[in-house]
Amino acid sequence: WQYMHLEKNRLEAETRENYLDLRNEFIKSFVSGYTSCEQLLQQKKYDLSLRGDGLYVLFLLRVDSYSAFCSKKNRSERKLIKYAASNILTEMTSACFRCECVDMDDDEIVCLVEYDRQSPPQEDERLQDILKRYIECVVKHLDISFSIVVSTWFSSLAETPEQRKKAFEASFLRFIKGHSSIIFDSDEIAEHKGYPYPTEKEKQICDALMQGHFAEAKTLIHEMLEQFATYGSESMQVFTLRFLITVHNFVELCIESNQIAPRNHSFNESVSAVQSYETLEEMQNYFYLICDNLQKALEEKKDSRHTDVINQVIDEIDKSYADINLSMESLANKVGLSHYYLGKLFKAQQLVSLPVYINNVRLKQACSLLLDTRLSIDEIMQACGFISRSNFYSLFKKSYGITPSQYRNDNPNELKQN
């Protein structure tokens, strides 16, 4: 008996689920334009709440961050969450209006509303309040965010497919307004197909990147993307792709000229990333990241080159410390830098000035000769590159606290052994 009871419940659940799926598919077919208005109104099986007279408004909901949503949830989980989101919208809207919600697959839900107000939707505070509370509700309870487009009012259900198309085009404004936005398809979308590409601004961005002025480049990128965003989805996509190609070519040029190391990121991956972004902020952050990575790569390469230069200088000092002509100027000529820049670079890496480093090497060699040989102090001084006896004594005492003679006398055993 218990098994039969469970089986009966299972069959009822399956029947209910099949009924809901068929009902959703029927409404979806109508919204997509495959089922006529007459067929919709004559269908009694699904107990639709729409009556076919009066005014209508269409809500088009698009899941925000849809790529992330798909990566976190499998198909069944996505369907269940959207079903719950549709039910919540139906419950909240039906308190004021007759409505039907339908899952249109992918990132889209449509809600058809019988609108009985005297003012247009964009002026209806009660309708806007419903949508604002709905957005807050699904974020809190379903951990999902929607941007919602509200159509203009229309007088015939037969206009639904066309209104959905217009609403979908208007949903592009999410790119400017951001996630969880409420958009009215009466808002302007200027599609300037004849608008010229801002070549001069693109050149300014490349010049700023070339000169290492990354903050300036980011400001210009922000201005360019905001400019793109005012010209509608088609122009936006074309211009963004063209700009991406320019940036990609610039990075490749840096690689070819050995300014940065090769990267493990293809152009196709960049295109896919850009095409997946839904807001201006996401797009902007992507290009900012390119700037940051380029700046880091240039600095790493620069640091590597600087390290090579400093190592070359140190090797030269070790070989030529006895040369009285060894100086910051002679070393700068050797590595092809100005003595000012070399001095600044050396101190930044070694935390000691170049002249002090040269003297330290010479003094260290002098200490070795004082202990390892019986050369006179004057001979040692000359062998280590010092010209002035007084300067040698002054530097030695400053470094070791005693004179060269005292240093030798304080270590007689080492000298005797050597």
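Tutor: With 6 residues, α10 gives the most to the lining of the second largest pocket. The model is a predicted one, and the pocket in question has a volume of about 600 Å³. Its lining counts 24 residues, and F172, Q237, Q275, Y277 and E278 are those that lie nearest the centre. At least two lining residues each come from α3 (66-72), α6 (160-170), α7 (174-177), α10 (232-256) and α11 (267-276). Sorted by class, the lining of this second largest pocket has 11 nonpolar, 7 polar and 6 charged residues.

The largest pocket can be described in the same terms. About 800 Å³ of space lies in the largest pocket. Lining it are 25 residues, with D21, N24, K79, Y83 and D103 nearest its centre. Two or more of the lining residues come from each of α1 (2-31), α4 (75-93) and β2 (99-103). Of these elements, α4 supplies the largest share, 10 residues. The class count for the largest pocket is 7 nonpolar, 5 polar and 13 charged. For the second largest pocket, the corresponding count is 11 nonpolar, 7 polar and 6 charged.

The structure holds 1 cavity of 30 Å³ or more, and about 40 Å³ of space lies in the largest cavity. The residues that line this cavity are L60, R62, S147, I148, V149, S171, R174 and I183. Two or more of them come from each of β1 and β4, and β4 gives the most, with 3 residues. By class, the cavity lining divides into 4 nonpolar, 2 polar and 2 charged residues.

The buried residues in α5 are L127, Q128, I130, L131, Y134, I135 and V138. Around the axis they cover an arc of only 155 degrees, so they are on the same side of α5. E125, E136, K140 and H141, on the other side of the helix, are exposed. The partners of the buried residues of α5 are β1 (55-63), α4, β3 (108-115), β4 (146-150) and β5 (182-184). One of these partners, α4, gives the largest share of the lining of the largest pocket. Another, β4, gives the most to the lining of the largest cavity, and β1 also gives two or more residues to that cavity lining.

Some totals put these parts in the setting of the chain. The chain has 19 helices and 5 strands. Of its 418 residues, 42% are buried. Taking contacts between residues at least 6 apart in sequence, 68% join residues at least 24 apart. To return to the part you asked about, the second largest pocket draws on α3, α6, α7, α10 and α11 for at least two lining residues each, and α10 gives the most.

How values were computed
Residues numbered from 1 in each chain as written. Predicted model: local features only at pLDDT ≥ 70, side-chain atom pairs only at ≥ 80, totals over all residues. Heavy atoms only, no water. 1 Å grid on protein atoms, 1.4 Å probe; cavity = no way out; pocket = protein on both sides within 12 Å on 5 of 7 lines; lining within 4 Å. Points joined across faces, edges and corners; volume = space filled by probe spheres on them. Helix = DSSP H or I, 4+ residues; strand = E, 2+ residues; numbered from the N terminus. Nonpolar A, V, L, I, M, F, W, Y, C, P; charged D, E, K, R; others polar. Buried < 20%, exposed > 50% of the residue type's maximum accessible area, 1.4 Å probe, protein only. Arc of directions from axis to C-beta. Contact = heavy atoms within 4.5 Å.
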